[in-house]
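Take a walk through this structure, one feature at a time. Keep the 3D view open as you read.

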Amino acid sequence: MSVNPILEWTGVLLILVGSLMSVVSAFGIIRLPDIYTRSHAATKSSTLAVLLSLLGAFLYFWAHDGFFSIRILLGILFVFLTAPVAGHLICRAAYRSGVKLAEGSGDDELHHVLFPDKKDDDSSNRSSTITKEESLL
Amino acid sequence: MKTNDVILKTVTKVVVFIILTMAVYLFFSGHYSPGGGFIGGLVLASAIVLMYLAAGIEIVHKGMPFDFKIIAAIGVLLATGTGFASVLFGQDFLTQAAIAVHFPLIGEKELASVVLFEAGVTLTVVGVVVTIILNISEGGE
């Protein structure tokens, strides 16, 4: 009986950390500039939040009620497998439909691999705008 | 252009088995805990739809050459058949029976005829949902 309160409070602590993680994830979705960084916040930290909350619930019911829930373990495995893939697919669909990166991003090395014929137009556009701005300056 | 979706296909191969396990679990647990034929059928249909999304309709049809309209019809036939089976024994329509059977390894379990009715519900739900989604996706192109 002396183990059960420790396990219970471990579950409580895990659920608390999980809910803090989901708050962090929500702030990341609000604050970050473009869809790729937002998806970075939305998939990683909220996956961790869900995993921690489910693990906490599993530990709590195991210690408190003696109920070993296979469904929660299966849910942990399922979320761990599928949430990053969902983020990957959303980002891929956004990139392929031409959503721009945020201001101040580094070099876009994927662009001339995916759209080899568009590359010249973009660079010419960019150089033309740069020359225009420079001429304006 | 042929798109490269190795990640989706590989994860689908693993995840479909988890979804199918969950569907069978929900179907059999419906008598004593939340679950039953309807959500079991819905989860089963969602696994089939995930396979359609990942692999494409033609490849899945090669592996599962069913006409889902016929599966829905078989489900309705099974559900009404279990209703009429009680009429054959002189009971009212849809009267269900249950017997306790002693199995050699897992002990005493209850076998109920409601399971057959629920199997009919499951087949109907799977057939109807997959038929609706296939018709919508084919109409879109």
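Helices here are DSSP runs of H or I with at least four residues, numbered from the N terminus. The model is a predicted one.

α3 of chain A runs over residues 70-96, 27 residues in total. From first C-alpha to last, α3(A) reaches 39 Å. That is close to the 39 Å expected at 1.5 Å a residue.

Which residues of α3(A) are buried? They are A:Ile72, A:Ile76, A:Val85, A:Gly87, A:Cys91, A:Ala94 and A:Tyr95. Some of these positions recall a rule about helices. An α-helix has 3.6 residues a turn, so residues three or four places apart point the same way. What covers the buried residues of α3(A)? The cover includes α2 (35-65) and α4 (111-114) of chain A. It also includes α1 (6-28) of chain B.

That brings in the second chain. The contact between chains takes eleven residues from chain A and 13 residues from chain B. The size of an interface is often given as the accessible area lost when the parts come together. Here chain A and chain B bury about 1100 Å² between them. Of that area, 79% is on carbon and sulfur atoms. Across this interface the rule finds zero salt bridges. It finds one residue pair in polar contact, with both residues at pLDDT 80 or more.

Next come the aromatic rings. The whole structure has eight aromatic pairs over all chains. One of them joins A:Phe58 and A:Phe68: the ring centres are 5.2 Å apart and the planes stand at 75°, so the pair is edge-to-face. The pair links distant parts of the chain, ten residues apart. A:Phe58 belongs to helix α2 of chain A, and A:Phe68 to the loop between α2 and α3. Are the two partners buried or exposed? A:Phe58 has 7% relative accessibility, so A:Phe58 counts as buried. A:Phe68 is partly exposed, because its relative accessible area is 42%. Ring pairs also bring in A:Trp62, which joins A:Phe58 and A:Phe68 in a cluster.

Move over to chain B. B:Thr122 lies in helix α5, residues 114-139. Its relative accessibility is 9%, so B:Thr122 counts as buried. What does B:Thr122 touch, leaving aside its neighbours within four places in sequence? The contacts are B:Phe27, B:Gly37, B:Gly40, B:Gly41 and B:Leu44.

Now find B:Leu94, in the loop between α4 (68-88) and β1 (98-103) of chain B. Phi of B:Leu94 is near 70°, a positive value in a residue other than glycine. B:Leu94 counts as partly exposed, at 36% relative accessibility.

Charged pairs come last. Side chains of opposite charge can pair when their charged atoms come close. How many salt bridges does the structure hold over all chains? It holds two. In one, B:Lys9 pairs with B:Asp5, and the closest N and O atoms are 3.9 Å apart. B:Lys9 is partly exposed, with a relative accessible area of 34%. In another, the side chains of B:Asp67 and B:Lys69 meet at 3.8 Å, N to O. B:Asp67 counts as partly exposed at 37% relative accessibility, while B:Lys69 is exposed at 53%.

Methods: Residues are numbered from 1 along each chain as its sequence is written. Chains are lettered from A and ligands numbered from 1 in the order in which they are written. Side-chain values use heavy atoms; hydrogens and water are left out. Helices (H or I, at least four residues) and strands (E, at least two) are DSSP runs, numbered from the N terminus. The expected span of a helix is 1.5 Å times one less than its number of residues. Buried means under 20% relative accessible area, exposed over 50%, partly exposed in between (1.4 Å probe, protein chains only). Contact means heavy atoms within 4.5 Å. Rings of Phe, Tyr and Trp (its six-membered ring) pair if their centres lie within 6.5 Å; planes under 30 degrees apart count as stacked, over 60 as edge-to-face and the rest as tilted. Buried area is the accessible area (1.4 Å probe) that two parts lose on being put together, summed over both. A salt bridge is a side-chain nitrogen of Lys or Arg within 4 Å of a carboxyl oxygen of Asp or Glu. A polar contact is a pair of N or O atoms within 3.5 Å; within protein, one must be able to donate a hydrogen and the other to accept it, and residues adjacent in sequence count only if both atoms are side-chain atoms.
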